[in-house]
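The points are grouped by topic.

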Amino acid sequence: MSAEAGRGAHRLAARLAQSLLTIWVLVTLIWLMFRLLPGDPTTALLGTGQLPPDAIQRLRKAWALDDPWLVQYLRYLANLVVGDLGLSFVFREPVMKIIAPALVNTLLLMVPAVTISVMLGVVLGARLGWRRGALSEVAGNIIVLVLRSLPAFWIGIIVLVIFSYTLGWFPIGGIRTPAFFPETWIEEIPGYDVARHLVLPVLAAVLYFVADPLMIMRTAMLEARTEDFVAYAQARGLSDGDVMRIARANAMLPVVTYVGIMVSFAFGGQVLLEVVFSWPGMGRLMVNSVLQRDYPVAQAAFLLMAVLVVGVNLAVDLAYARLDPRIRDD
Amino acid sequence: MTERGLLRFGTPSGRIGLAMFAAFCLVALAAPWLLPYDPLAINYVGERQLARLRPPGGAFLLGTNYYGRDILSQILIGSRVSIGVGLLSALIIVFIGTNVGLVAGYYRGRIDALLMRLTDIAFGIPFFPFAVLLVALLKPSIWNIIITISCLLWRSVARVTRAQVLSLRERAFVRAARVAGASDLRIMYVHIFPNILPMVLLYVAIGIAYAVLSEASLSFLGFGDPQVVSWGSMLYDAYTTGSISRAWWWTLPPGLCITLFVISVFLIARDWELIANPRLAT
């Protein structure tokens, strides 16, 4: 028992160290990118030729750009550790203050979208894998193929054109109606307005995310069908639905592993859908900051997404070890 | 893998995919001769009236966009960017990934640990947000988009290649080659590589699909080459001019083309997987 606990602790420590290493490499990479590449923020601001030389001198001094690189790098690391992400060039405010609400908005969209996609993928995938007829096979293949091939932003545009511009059921973007005034009792429910704005982006995101969990679940289910415990359950005379539920519970492990990868890839769709639906989250903030050359904000938004991805992957790995006892013995 | 299987190219869906893929490539090659108009020319109707947002039909087969440009011509010329970026990026992705996987799996030990740690880190980076940052800092251009896409997506190829090489290097034919005095390089590229070639080709196909989608997405956000028309940049124009609500003939064709091209590549990949790995077919 204690040996197993020791192995568990060792595994945890190793995974933590690896996650920290990944974050450190990313942080360093970002620092290098922003300083070495042609579009670097200081040349962008100082090299425009609009500033008089003495002003450039003063700014270089204020930003400590003449310090040795190593000093600059260490200062950057120290600031990151204490959560000081600098000042936004555009908003003239601490980056933290701009990015915190954006993070909340991103999670508001992403958490339901990912949850619904995984649940839908498991239920539909299990069903398609269980009924092994020609029809369900063809249907499953086509659904997965088409959904995987659609560009995320185009799904967003089509959803917007159908449900918003043509049918007029939902708002065309944003997170709340400016000066919203509830008129009926439904509209008085707290969060009603935000929920209405949330429907289309979540729908588009689910359409974009659901293909992979669905496909993985279907494959796992096809394999689970031939396992002994399924034959045993059938022999016990359980109903077809009950046998399917048993097989499904056992086929879910690969989907759990996939959630870690999915979150990483979900941020890609997230960035695009936030732009299409003018959703004020981190992805849109990052794109806009890059376009406006507001580099401290762009850098912070990216790092925050990367930390979230690394964190979720760590959590998934640890959860997986709990779910699958075989993993603990490696 | 029989020669017959190679020539006949598997299932009906695979043949449909191959036909679609060939059609797209032909159009891309022949695009300059097929264009009804200059894709960047601003067209007028009559004397001085801008041909803005004309629905399909008449002089403009697929209509015109907000700036009075011919959409069919833009679709035709846009195929070159998508297909070119897709093919080139896929080759680079597979080139890097295969070599990393080969070296790591063959040499084991420290090199393996180092390369796989690097691969783990590449997996920890959210690909698309990183691509946005990188392409913006590098300045938008086709080449920078290709570099950006390639510099992360090699990771899955590296992982899969390494796994295969790990089992191949213990096989009798590799040991025989070593005993016969073949050099490491010779064993890796002459003896092991042909055995992973089917898988490598599969990843070329998957790489094309991801590269095409990534290029379109970057162009849609406005990070494409401003001098070049691509399917993604067409959708960027449609979106930023607020035309998606009224000009379906501008939003549908580029999106459909991207989707159909990616579908064709996935169909070929799936078929190839069946040929390369017959166990899947049962």
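In this predicted model, the largest nonpolar core holds 160 residues, and Ala301(A) and Val132(B) have the most contacts inside it. Helix H8 of chain B (residues 184-220) supplies the largest share of this core, with 20 residues. Val132(B) also takes part in the packing of a helix of chain B against a helix of chain A.

- Apart from neighbours within four places in sequence, Val132(B) is in contact with Val271(A), Met286(A), Val287(A) and Val290(A) from chain A, and with Leu218(B), Leu221(B) and Phe223(B) from chain B.
- Helix H14 of chain A (residues 282-291) packs with helix H5 of chain B (residues 127-138) at an angle of about 5 degrees, and their axes are 10 Å apart.
- Because angles under 35 degrees count as roughly parallel, H14(A) is roughly parallel to H5(B).
- On the H14(A) side, Met286(A), Val287(A) and Val290(A) make the contact, and they meet Pro129(B), Val132(B), Leu133(B) and Ala136(B) of H5(B).
- By class, the residues of this contact are seven nonpolar, no polar and no charged.

**Contact between the chains**

- Chain A gives 38 residues to the contact and chain B gives 32.
- On the side of chain B that touches chain A, two or more residues come from each of helix H4 (109-124), H5, H8, helix H9 (231-240) and helix H10 (248-276) of chain B.
- H5(B) gives the most to this side, with nine residues.
- The side of chain B that touches chain A has 23 nonpolar, seven polar and two charged residues.

**Chain B overall**

- Chain B has ten helices and two strands, arranged along the sequence as α-α-β-β-α-α-α-α-α-α-α-α.
- Along the principal axes, the C-alpha atoms of chain B fill a box of roughly 80 × 45 × 30 Å.
- Of the 282 residues in chain B, 48% are buried.
- Among contacts in chain B with a separation of 6 or more, 72% are between residues 24 or more positions apart.

- Trp154(B) is located in helix H6 of chain B (residues 142-168).
- Trp154(B) has 24 C-beta neighbours inside 10 Å and therefore counts as buried, the cut-off being 20 or more.
- A distance of 8.1 Å separates the C-alpha atoms of Trp154(B) and Phe95(B), which are 59 residues apart along the chain.
- Helix H7 of chain B (residues 172-179) lies largely in the open, because the number buried among its eight residues is zero.

**Packing of H5(A) with H10(A)**

- Within chain A, the axes of helix H5 (residues 95-130) and helix H10 (residues 211-224) come within 7 Å and cross at roughly 35 degrees.
- The crossing of H5(A) and H10(A) is right-handed.
- The residues that H5(A) brings to this contact include Ser117(A), Gly121(A), Gly125(A), Gly129(A) and Trp130(A), and those from H10(A) include Pro213(A), Met217(A), Arg218(A) and Met221(A).
- Twelve nonpolar, four polar and one charged residue make up the contact of H5(A) with H10(A).

Note on methods. Residues numbered from 1 in each chain as written. Chains lettered and ligands numbered in written order. Predicted model: local features only at pLDDT ≥ 70, side-chain atom pairs only at ≥ 80, totals over all residues. Helix = DSSP H or I, 4+ residues; strand = E, 2+ residues; numbered from the N terminus. Buried ≥ 20, exposed ≤ 12 C-beta atoms within 10 Å, placed from the backbone. Contact = placed C-beta atoms within 7 Å. Core = buried A, V, L, I, M, F, W, Y, C linked by C-beta atoms within 7 Å. Axes fitted to C-alpha atoms, helices over the stretch in contact; angles between N-to-C directions. Parallel < 35°, antiparallel > 145°, perpendicular 65-115°, else oblique. Nonpolar A, V, L, I, M, F, W, Y, C, P; charged D, E, K, R; others polar. Left-handed = near helix turned anticlockwise from the far one by under 90°.
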